[in-house]
Structures are given as structure tokens and as C-alpha cells.
Amino acid sequence: MSTPSRLQVLITGASGLVGQGVLRACLASPHVQGVTALVRHAGGLPDGVRAIVLPDFTRADALGEQLAGFQACFYCAGAPPIGTPEAEYRAVTLTATLAVARAWASANPTGRFLYVSGAHADPDSRFMPLRIKGETEAALTALPIRTVMLRPGGVRPVAGTGTRHPLLKPLYLFGGPLMTLAARAAPALVTSNAAVGRAMIELARMPSPPAVVECARINQLAADAGG
């Protein structure tokens, strides 16, 4: 695939912890021409970001040509692994993701689908979130488009971004400074949401991006992009 000099990008999860940083990176990048957010509810997006409202992501096939015209989809939506029952986690992580990916692939057969997975995702894992993330990766890889799985470890929110989930807010409030230090000392374990965004842009522009990108590589790509 020959990618254009500037990308049209579709983002999901733009209001989440990871998605906020990815959206900021896209808006700041000279390589991104336009950003559209697939959202469940209208409102709350920065100026210049177009919205496609779809209350139920499992019905993404109904959007048809609304999903056409993109070079990359940055899929950042998901459920928190802490406090989410397995059935709900599977519905959000696997069922909804695959529905959007299939519809997007049909509308953009030469595009790239970049999915924010997680470190140690494995369909055979004993840990529910890692197992379902691994199953999602396998399902996405089977699609007839180029897919890239990003596997960050801990994700640090940059200034002005954060989590909406009550159970996770204390973790990021009190653990934020430690995560900043860890990101510098152990880039294979911790990254930032902005770094994930910069890495996604670099991967979307590559002629042949890798199928899986671990945390250390995410940080390296972000640094190479100027962050």
C-alpha cells in the first residue's frame, strides 16, 4: 500500500484515557490531514474533529459509506480490565471491536486498522482480560486488511488527559509520578497515551508496518516522531 503524505484517520475511544492522547497526537501531527471520531454520544470533541455517532458499535455495518475514505483506523475504545464483568468485557473488547473492524475493512480495503491491545495479550492466558485481548487480536489478524496490534504496558496520561472510570482515578492520581519515572527507567513497561498516538501515526505511514508492536517499540517510534 502506498500511503498519502497526509492521513485521514478514524478514531474510536477518543474520550478514553488512551484515546485522549491519541487524538491530541493526531491534531498536532503534520502527517494527519483530518480526524473523525466514531462515538456513542454526540458532543465533547475538540474543534476540527468530525463525529460519526453510533450508540451501538456492534451495528457498525449500518454505517456503510460513512466509514469510507480513511487510510487508518486507530481503535482505542475498550473496557477497564479492573471491575468489568467478563461478559461485558468480552462484549466491548471483542464483539464491538470486531464489528467495527469488519465494517471499516469493507469500506477501506487498502487501509490500516491499528488496535490498542495490551502487554501479554494471549488467547490461552489464564487471566481474563489478557485472554480476551488475545482472542481479539487473533480475530482482527484474520481480516483481509493490514492490521497492527499495539501492546503498551502501563499507560501514563499526559497533562490535560485522564481516566473517566472512578475505580481507576485514584490509581492515576497517586501513581502518576511513579509512572513518569518508570517510563524513563523502563520503556519496555510503561508509555504515555500521547506516545501511543505518535507511534500509531508512524505505523500508519509505514509501507509495511509490523503486525505486533510492543511497549518499548511504541516509545521508540514516538521518540523518532519527535516526542
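Predicted model: local features only at pLDDT ≥ 70, side-chain atom pairs only at ≥ 80, totals over all residues.

Trainee: How many helices and strands does the protein have?

Mentor: Six helices and nine strands.

Trainee: And what percentage of the residues count as buried?

Mentor: 51% of the 227 residues. Buried means under 20% relative accessible area, exposed means over 50%, and partly exposed is in between (1.4 Å probe, protein chains only).

Trainee: Let's take the sheet. What is the order of its strands?

Mentor: S3-S2-S1-S4-S5-S6-S9, in an open sheet of seven strands with parallel pairing. Two strands pair if DSSP finds at least two bridges between them. The edge strands are S3 (49–53) and S9, each pairing on one side only. On average, neighbouring strands of this sheet are turned by 20 degrees against each other, direction ignored. Angles run from 0 to 180 degrees between N-to-C directions, and axes are lines fitted to C-alpha atoms, for helices over the stretch in contact.

Trainee: Which helix packs on the sheet?

Mentor: H5 does, touching S1 (7–12), S2 (32–39), S4 (72–75), S5, S6 and S9. The direction of H5 makes about 155 degrees with that of S5.

Trainee: How many bridges join S5 and S6?

Mentor: Five, in the parallel sense, with S5 covering residues 112–116. Leu-114 has Val-148 in S6 as its bridge partner, and Val-116 has Leu-150 there. Five of the six residues of S6 are buried, which leaves that strand mostly covered.

Trainee: What about S1 and S2, how many bridges there?

Mentor: Six, again in the parallel sense.

Trainee: Changing topic. Which residues of H6 are buried?

Mentor: In H6 (residues 215–224) they are Cys-215, Ile-218, Asn-219, Leu-221 and Ala-222. Seen down the axis of H6, these buried residues fall within an arc of 160 degrees, so they line one face of the helix. That arc is taken from the directions from the helix axis to the C-beta atoms.

Trainee: What do they pack against?

Mentor: S6 (146–151), S8 (190–192), H5 (193–205) and S9 (212–214). Contact means heavy atoms within 4.5 Å.

Trainee: At what angle do H5 and H6 pack?

Mentor: About 80 degrees, with their axes 8 Å apart. The two helices are therefore roughly perpendicular to each other. The cut-offs are under 35 degrees for roughly parallel, over 145 for roughly antiparallel, 65 to 115 for roughly perpendicular, and oblique for the rest.

Trainee: Which residues meet there?

Mentor: From H5, Ala-195, Val-196, Arg-198, Ala-199, Glu-202 and Leu-203; from H6, Ile-218, Asn-219, Leu-221 and Ala-222. Those residues divide into seven nonpolar, one polar and two charged. Ala, Val, Leu, Ile, Met, Phe, Trp, Tyr, Cys and Pro count as nonpolar, Asp, Glu, Lys and Arg as charged, and the others, Gly among them, as polar.

Trainee: What follows H6?

Mentor: Gly-226, whose phi is positive, near 105 degrees. Most residues other than glycine have a negative phi.

Trainee: Which residue has a positive phi although it is not a glycine?

Mentor: His-120, at about 70 degrees. His-120 sits in the loop between S5 and H3 (128–141).

Trainee: Is His-120 buried or exposed?

Mentor: Exposed, at 65% relative accessibility.

Trainee: And Asn-108, buried or exposed?

Mentor: Buried, with a relative accessible area of 5%. Asn-108 lies in the loop between H2 and S5. Leaving aside neighbours within four places in sequence, Asn-108 is in contact with Leu-67, Ala-68, Gly-69, Phe-70 and Ile-145.

Trainee: Last one: where is Thr-93?

Mentor: In H2 (residues 86–107). Thr-93 counts as buried, at 2% relative accessibility. Beyond neighbours within four places in sequence, Thr-93 is in contact with Ala-79, Tyr-115, Ile-132, Lys-133 and Thr-136.

Note on methods:
Residues numbered from 1 in each chain as written. Heavy atoms only, no water. Helix = DSSP H or I, 4+ residues; strand = E, 2+ residues; numbered from the N terminus.
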